[in-house]
Amino acid sequence: MRLAFKLGWLAASLWCATWCAVAAAQPAAGPVHLLWPDGAPGAERRHGEPETVHDTYVSNIHDPSVTVVAADPRHANGAAVVIAPGGGHRMLVWMNEGMVAARALNRVGVTAFVLKYRLARDEGSTYSIERDAAADMRRAVRWVRAHAAEYKIDPQRVGVMGFSAGGELATLVADHAAPAPAGKPDAVDRYSARPDFQVLVYPGPLGVPATAATAAPPAFIVAGSNDKCCAPPSIALYQQLIAAGVSAELHLYADTDHAFNMGQRSERLSDVHWPDRLADWLADGGWLVPGGGKTGVPSPAVVK
């Protein structure tokens, strides 16, 4: 037992050391692009207002944007993910649920676009989650497809990833029909806002049940079994998607609560390694292969 403990501790230490070395070697984040250069629909009067940054948390967002975190061109495979950090719609957990997630995706050749969206529960906010924040996520998906050639992205392998409140946005965009774009239509609005796949990390309850489950893209869902907020909607959405014939995978980690991020804050090996399960799912689904994502890797034949 003592040997098993030492081996487990050594494995975790080696994984952390490797991950930290890779993260430290990564270049700085790429450019930041406003999703609406002249101001978001309904927020024009606050266009250009500075954001508030406290430690690594961001609030007072009125100009939705994406920060480009490109995979190293030596192994970039053309897949892209728009990441919506959590924060209860009051702030964004920018590093632990944004940039750290982006770097993890970079390791498997995926280019990430970390989203700053309008916060409906920020102090004095007049925004709505369903109207404004979800519109920001849809606009981000459209923006990535509109700029696919510039970032060497396959427009048919664009996914969304959301943590907690950001998971609600991912669900609203992936599992519900998209309304008409707000404001005056432009060239970006010609592109589809429907993601090709969705990654939901302890997603909140808003958006569950799905209203367009049969048209939903494949889903990877992960949560902690002790999370009273977000384990129930994770299970409910998984069951709904499976019943609708949508490919879906669910991971519930024992004795784990909310906000385990990309596993870097946990001492539980299963939590630490959940991003590896995401990488497995992306690979099995064909999303990491140029021109892939249509059928994925077949499962073994059923033997009776």
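These questions and answers walk through a predicted model.

Q: In what order do the strands of the open sheet of eight strands stand?
A: The sheet is open and its pairing is mixed. Neighbouring strands are turned by 20° against each other on average, direction ignored. The order is 1-4-7-5-8-9-10-11.

Q: Which residue of strand 11 stands opposite Val-222?
A: Strand 10 covers residues 219–224. It pairs with strand 11 in the parallel sense, over six bridges. The residue opposite Val-222 is His-251.

Q: Which residue of strand 7 stands opposite Val-66?
A: Strand 4 runs antiparallel to strand 1, with three bridges between them. There, Leu-34 stands opposite Ser-65. Strand 4 also runs antiparallel to strand 7, joined by five bridges. In that pairing, Val-66 faces Leu-115.

Q: How many of the five residues of strand 4 are buried?
A: In a regular strand the side chains alternate between the two faces of the sheet. In strand 4, Ser-65, Thr-67 and Val-69 point one way, while Val-66 and Val-68 point the other way, and all are buried. Strand 4 is therefore largely enclosed by the rest of the structure, and its buried count is five of the five.

Q: Which side chain makes a polar contact with the side chain of Glu-97?
A: Glu-97 sits in helix 2, residues 95–106. Glu-97 is buried yet has no salt bridge. The nearest side chain of opposite charge, Arg-265, is 6.7 Å away, and a salt bridge needs the atoms within 4 Å. The polar contact, at 3.0 Å, is with Asn-261.

Q: Which residues is Glu-97 in contact with, leaving aside its neighbours within four places in sequence?
A: Glu-97 is a buried residue. Its contacts include Ile-83, Pro-85, Gly-86 and Gly-87.

Q: How many residues apart in sequence are the parts tied together by Glu-51 and Lys-116?
A: These two form a salt bridge, with the closest N and O atoms 2.9 Å apart. Glu-51 is partly exposed at 31% relative accessible area, whereas Lys-116 counts as buried at 13%. Glu-51 lies in the loop between strand 1 and strand 2 and Lys-116 in strand 7, so the parts are 65 residues apart.

Q: Are Asp-154 and Arg-157 buried or exposed?
A: Their side chains meet in a salt bridge, at 3.0 Å from N to O. The count for the model comes to 12 salt bridges. Both Asp-154 and Arg-157 are buried.

Q: Which residue with a positive phi follows helix 7?
A: Helix 7 spans residues 274–284. Its buried residues include Trp-274, Leu-278 and Trp-281. The residue that follows the helix has a phi near 85°, and it is Gly-286.

Key: Residues are numbered from 1 along each chain as its sequence is written. This is a predicted model: local features need pLDDT of at least 70, side-chain atom pairs count only at pLDDT 80 or more; totals for chains, interfaces and linings use all residues. Side-chain values use heavy atoms; hydrogens and water are left out. Two strands pair if DSSP finds at least two bridges between them. Helices (H or I, at least four residues) and strands (E, at least two) are DSSP runs, numbered from the N terminus. Axes are lines fitted to C-alpha atoms, for helices over the stretch in contact, and angles run from 0 to 180 degrees between N-to-C directions. Buried means under 20% relative accessible area, exposed over 50%, partly exposed in between (1.4 Å probe, protein chains only). Lys and Arg count as positive and Asp and Glu as negative; His and the chain ends are not counted. A polar contact is a pair of N or O atoms within 3.5 Å; within protein, one must be able to donate a hydrogen and the other to accept it, and residues adjacent in sequence count only if both atoms are side-chain atoms. Contact means heavy atoms within 4.5 Å.
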